[in-house]
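This report goes through one protein model, from overall confidence to a few local features. Please view the sequence and the structure alongside the text.

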Amino acid sequence: MSSEVAARRDAKKLVRSPSGLRMVPEHRALGSPFGLEEPQWVPDKECSRCMQCDAKFDFLTRKHHCRRCGKCFCDKCCGQKVPLRRMCFVDPVRQCAECALVSHKEAEFYDKQLKVLLSGATFLVTLGDAEKPETMVCRLSGNQRYLLLEGDSRHEIEIARISAVQVLTEGFPAAGGNARATGMSLQYTAPGAEGTTQLKLTAGEDASAGRRQSTAWLAAMHKATKLLYESRDQ
């Protein structure tokens, strides 16, 4: 893909919505698969009381809409302004307490785990019915739409086409601990293909920094797929 085509694919524009300024893809179909659409606001005429504490709205108790769920609240129940990156808001936006908690948790993905996915890690990759695995660097594309596999060969897998994910582990967790992640199995649908294809990623056996990076990448990818499923269920 030429740099010019890639630049057009990743182009963004600034738009103003009732909820605030958003930096969105030039073409809606090329948005991040982890993104969420803005909700429909509960109409003012249908909301005479706070949907959390039941306070009656009047001249002193004003109504506010949560930018994440669209419900109507008083200022006490919807006074937090929190970053909402999954909706591409430029600035922190007003959210109810429940939604603000979720957005705070998602911030860890964007601040830490997304960077891990973009940096990539090295795995033994078995694609489909291949007899032997290939050593490849796996990373998320800059627009978050593709899983890039780069080695002697190169492959792109569209994140939105991933249908199932299983983290592969070994050993038994000690009391209060976790089993060690050794890899990941993904099922996806290739364009124009019937049925699904399996992709298996296996981390190296050494205890080097590369192995730690691979383990961190697996954990980040597992979190990413959870966000992906939430976006589909919206």
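## Helix α3 and Thr215

Helices here are DSSP runs of H or I with at least four residues, numbered from the N terminus. In this predicted model, Thr215 lies in helix α3, which spans residues 209-232. Thr215 counts as partly exposed because its relative accessibility is 29%, and the partly exposed class lies between the cut-offs of under 20% for buried and over 50% for exposed.

Ala203 is twelve residues away from Thr215 along the chain, and the C-alpha atoms of the two are 7.3 Å apart.

## Confidence

The mean pLDDT of the protein chain is 87, and 89% of the residues reach at least 70. Confidence is highest in strand β4 (residues 72-74), with a mean of 97, and lowest in helix α1 (residues 3-10), with a mean of 56.

Where pLDDT is low, the predicted coordinates should not be read in detail.

## Arg67

Arg67 sits in the loop that runs between β3 (63-65) and β4. Arg67 is buried but forms no salt bridge. Glu38 is the nearest side chain of opposite charge, at 7.0 Å, whereas a salt bridge requires the nitrogen and the carboxyl oxygen to be within 4 Å.

The side chain of Arg67 does reach a backbone oxygen, that of His65, at 2.7 Å.

Note on methods: Residues are numbered from 1 along each chain as its sequence is written. This is a predicted model: local features need pLDDT of at least 70, side-chain atom pairs count only at pLDDT 80 or more; totals for chains, interfaces and linings use all residues. Side-chain values use heavy atoms; hydrogens and water are left out. pLDDT is the predictor's confidence in each residue, from 0 to 100. Helices (H or I, at least four residues) and strands (E, at least two) are DSSP runs, numbered from the N terminus. Buried means under 20% relative accessible area, exposed over 50%, partly exposed in between (1.4 Å probe, protein chains only). Lys and Arg count as positive and Asp and Glu as negative; His and the chain ends are not counted. A polar contact is a pair of N or O atoms within 3.5 Å; within protein, one must be able to donate a hydrogen and the other to accept it, and residues adjacent in sequence count only if both atoms are side-chain atoms.
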